[in-house]
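Good morning, colleagues. Please keep the sequence and the structure in view as I speak.

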Amino acid sequence: MSRNQAGLENTLFQLKFTSKQLQKQAQRAVKEEKQETAKLKKSLGESEEIAKIYASNAIRKKNERLQLLKLASRVDSVASRVQTAVTMRQVSSSMGSVCRGMDKALQSMNLQQITMAVSYTHLRAHETCAARV
(Lines give C-alpha, C1' and ligand atoms only; values in the text may rest on other atoms or scores of the structure.)
Protein backbone atom coordinates (compact mmCIF):
# COMPACT_ATOMS: atom_id res chain seq x y z
CA MET A 1 0.00 0.00 0.00
CA SER A 2 1.45 3.31 -1.00
CA ARG A 3 1.85 6.22 1.37
CA ASN A 4 -0.73 8.30 -0.52
CA GLN A 5 -3.30 5.51 -0.41
CA ALA A 6 -2.74 5.03 3.31
CA GLY A 7 -3.25 8.77 3.71
CA LEU A 8 -6.55 8.58 1.84
CA GLU A 9 -7.73 5.67 3.95
CA ASN A 10 -6.70 7.52 7.12
CA THR A 11 -8.62 10.58 5.91
CA LEU A 12 -11.63 8.40 5.18
CA PHE A 13 -11.52 6.99 8.71
CA GLN A 14 -11.24 10.48 10.21
CA LEU A 15 -14.19 11.71 8.16
CA LYS A 16 -16.40 8.80 9.21
CA PHE A 17 -15.34 9.27 12.83
CA THR A 18 -16.12 12.99 12.70
CA SER A 19 -19.52 12.32 11.18
CA LYS A 20 -20.40 9.92 13.98
CA GLN A 21 -19.25 12.44 16.59
CA LEU A 22 -21.45 15.13 15.06
CA GLN A 23 -24.44 12.81 15.05
CA LYS A 24 -23.87 11.97 18.73
CA GLN A 25 -23.63 15.67 19.55
CA ALA A 26 -26.93 16.20 17.72
CA GLN A 27 -28.54 13.47 19.84
CA ARG A 28 -27.16 15.15 22.96
CA ALA A 29 -28.67 18.45 21.80
CA VAL A 30 -32.08 16.74 21.43
CA LYS A 31 -31.84 15.52 25.02
CA GLU A 32 -30.87 19.00 26.26
CA GLU A 33 -33.70 20.56 24.23
CA LYS A 34 -36.20 18.23 25.90
CA GLN A 35 -34.79 19.14 29.31
CA GLU A 36 -35.15 22.85 28.57
CA THR A 37 -38.70 22.31 27.31
CA ALA A 38 -39.57 20.43 30.51
CA LYS A 39 -38.12 23.29 32.58
CA LEU A 40 -40.15 25.72 30.48
CA LYS A 41 -43.40 23.87 31.12
CA LYS A 42 -42.63 23.70 34.82
CA SER A 43 -41.84 27.40 35.10
CA LEU A 44 -44.82 28.67 33.06
CA GLY A 45 -46.92 29.14 36.17
CA GLU A 46 -44.13 30.75 38.18
CA SER A 47 -42.47 33.50 36.18
CA GLU A 48 -42.84 34.66 32.62
CA GLU A 49 -39.27 35.93 32.46
CA ILE A 50 -37.78 32.60 33.54
CA ALA A 51 -40.04 30.84 31.02
CA LYS A 52 -38.67 33.08 28.24
CA ILE A 53 -35.11 32.12 29.17
CA TYR A 54 -35.96 28.41 29.08
CA ALA A 55 -37.80 28.88 25.77
CA SER A 56 -34.82 30.63 24.18
CA ASN A 57 -32.53 27.86 25.47
CA ALA A 58 -34.80 25.20 23.94
CA ILE A 59 -34.88 27.04 20.61
CA ARG A 60 -31.10 27.44 20.63
CA LYS A 61 -30.63 23.70 21.29
CA LYS A 62 -33.01 22.86 18.44
CA ASN A 63 -31.07 25.10 16.04
CA GLU A 64 -27.80 23.60 17.28
CA ARG A 65 -29.13 20.10 16.54
CA LEU A 66 -30.14 21.09 13.02
CA GLN A 67 -26.74 22.65 12.33
CA LEU A 68 -24.93 19.57 13.64
CA LEU A 69 -27.03 17.29 11.45
CA LYS A 70 -26.35 19.43 8.38
CA LEU A 71 -22.63 19.38 9.07
CA ALA A 72 -22.66 15.61 9.65
CA SER A 73 -24.42 15.19 6.32
CA ARG A 74 -21.78 17.27 4.53
CA VAL A 75 -18.95 15.32 6.15
CA ASP A 76 -20.68 12.07 5.15
CA SER A 77 -20.84 13.32 1.57
CA VAL A 78 -17.11 14.04 1.53
CA ALA A 79 -16.40 10.63 3.08
CA SER A 80 -18.39 9.00 0.32
CA ARG A 81 -16.33 10.79 -2.33
CA VAL A 82 -13.08 9.77 -0.62
CA GLN A 83 -14.34 6.16 -0.47
CA THR A 84 -14.97 6.29 -4.21
CA ALA A 85 -11.45 7.62 -4.79
CA VAL A 86 -9.92 4.83 -2.69
CA THR A 87 -11.92 2.18 -4.57
CA MET A 88 -11.03 3.65 -7.96
CA ARG A 89 -7.34 3.71 -7.04
CA GLN A 90 -7.50 0.04 -6.04
CA VAL A 91 -9.27 -0.90 -9.27
CA SER A 92 -6.78 1.12 -11.33
CA SER A 93 -3.77 -0.57 -9.76
CA SER A 94 -5.40 -3.98 -10.20
CA MET A 95 -6.13 -3.27 -13.85
CA GLY A 96 -2.55 -2.08 -14.36
CA SER A 97 -1.13 -5.33 -13.05
CA VAL A 98 -3.58 -7.34 -15.17
CA CYS A 99 -2.61 -5.37 -18.30
CA ARG A 100 1.06 -6.05 -17.67
CA GLY A 101 0.31 -9.76 -17.25
CA MET A 102 -1.76 -9.84 -20.43
CA ASP A 103 1.00 -8.03 -22.36
CA LYS A 104 3.48 -10.72 -21.36
CA ALA A 105 1.02 -13.45 -22.29
CA LEU A 106 0.18 -11.86 -25.64
CA GLN A 107 3.84 -11.46 -26.53
CA SER A 108 4.37 -15.18 -26.17
CA MET A 109 0.87 -15.94 -27.55
CA ASN A 110 0.57 -18.72 -25.02
CA LEU A 111 -3.16 -19.45 -24.66
CA GLN A 112 -2.70 -20.97 -21.21
CA GLN A 113 -1.05 -17.79 -19.89
CA ILE A 114 -3.77 -15.62 -21.47
CA THR A 115 -6.45 -17.76 -19.83
CA MET A 116 -4.69 -17.48 -16.47
CA ALA A 117 -4.44 -13.68 -16.82
CA VAL A 118 -8.14 -13.38 -17.63
CA SER A 119 -9.02 -15.68 -14.70
CA TYR A 120 -6.81 -13.55 -12.46
CA THR A 121 -8.70 -10.43 -13.60
CA HIS A 122 -11.99 -12.07 -12.76
CA LEU A 123 -10.68 -13.16 -9.35
CA ARG A 124 -9.35 -9.64 -8.54
CA ALA A 125 -12.70 -8.11 -9.48
CA HIS A 126 -14.47 -10.42 -7.04
CA GLU A 127 -11.92 -9.65 -4.31
CA THR A 128 -12.39 -5.92 -4.82
CA CYS A 129 -16.17 -6.25 -4.62
CA ALA A 130 -15.93 -8.45 -1.53
CA ALA A 131 -13.57 -5.99 0.15
CA ARG A 132 -16.10 -3.19 -0.26
CA VAL A 133 -18.84 -5.26 1.42
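Let me begin with E33 and R65, whose side chains meet in a salt bridge, at 3.7 Å from N to O. By salt bridge I mean a side-chain nitrogen of Lys or Arg within 4 Å of a carboxyl oxygen of Asp or Glu. This pair links distant parts of the chain, with E33 in helix α1 and R65 in helix α2, 32 residues apart. Helices here are DSSP runs of H or I with at least four residues, numbered from the N terminus. E33 has 17% relative accessibility and therefore counts as buried. The cut-offs are these: buried is under 20% relative accessible area, exposed is over 50%, and partly exposed lies in between, with a 1.4 Å probe and protein chains only.

Before I continue, a word on the basis of these values. The model is predicted, so local features need pLDDT of at least 70 and side-chain atom pairs count only at pLDDT 80 or more, whereas totals for chains, interfaces and linings use all residues. Residues are numbered from 1 along each chain as its sequence is written, and side-chain values use heavy atoms, with hydrogens and water left out.

How many salt bridges does the rule give? The count comes to five. One of them joins K61 and E64, with 3.4 Å from N to O. Both residues lie in helix α2, three residues apart, about one turn of the helix. K61 is buried, at 16% relative accessibility, while E64, at 33%, is partly exposed. Salt bridges also link E32, K61 and E64 in a network.

A further salt bridge pairs K52 with E48, the closest N and O atoms being 3.8 Å apart. Since K52 and E48 are four residues apart in helix α2, about one helical turn separates them. Both ends are exposed: K52 has 55% relative accessibility, and E48 has 60%.

I turn now to S43, a residue of helix α1. Is S43 buried or exposed? At 4% relative accessibility, S43 counts as buried. Neighbours within four places in sequence aside, S43 is in contact, meaning heavy atoms within 4.5 Å, with I50, A51 and Y54. Between S43 and Y54 the C-alpha to C-alpha distance is 8.5 Å, and the two are 11 residues apart in sequence.

Next, the nonpolar core, a set of buried Ala, Val, Leu, Ile, Met, Phe, Trp, Tyr and Cys residues joined through side-chain atoms within 4.5 Å. The largest has 10 residues, among them L12, L22, L68, V75 and V86. Helices α1 and α2 (48-108) are the elements that give two or more residues to this core. Its largest share, six residues, comes from α2. V86, with neighbours within four places in sequence set aside, is in contact with L8 and E9.

Finally, the aromatic rings. Rings of Phe, Tyr and Trp (its six-membered ring) pair if their centres lie within 6.5 Å; planes under 30 degrees apart count as stacked, over 60 as edge-to-face and the rest as tilted. A search of the whole structure finds one such pair. The rings of F13 and F17 have centres 6.2 Å apart and planes at 15 degrees, so the pair is stacked. F13 and F17 both lie in helix α1 (residues 3-43), four residues apart, about one turn of the helix. F17 is partly exposed, at 42% relative accessibility.
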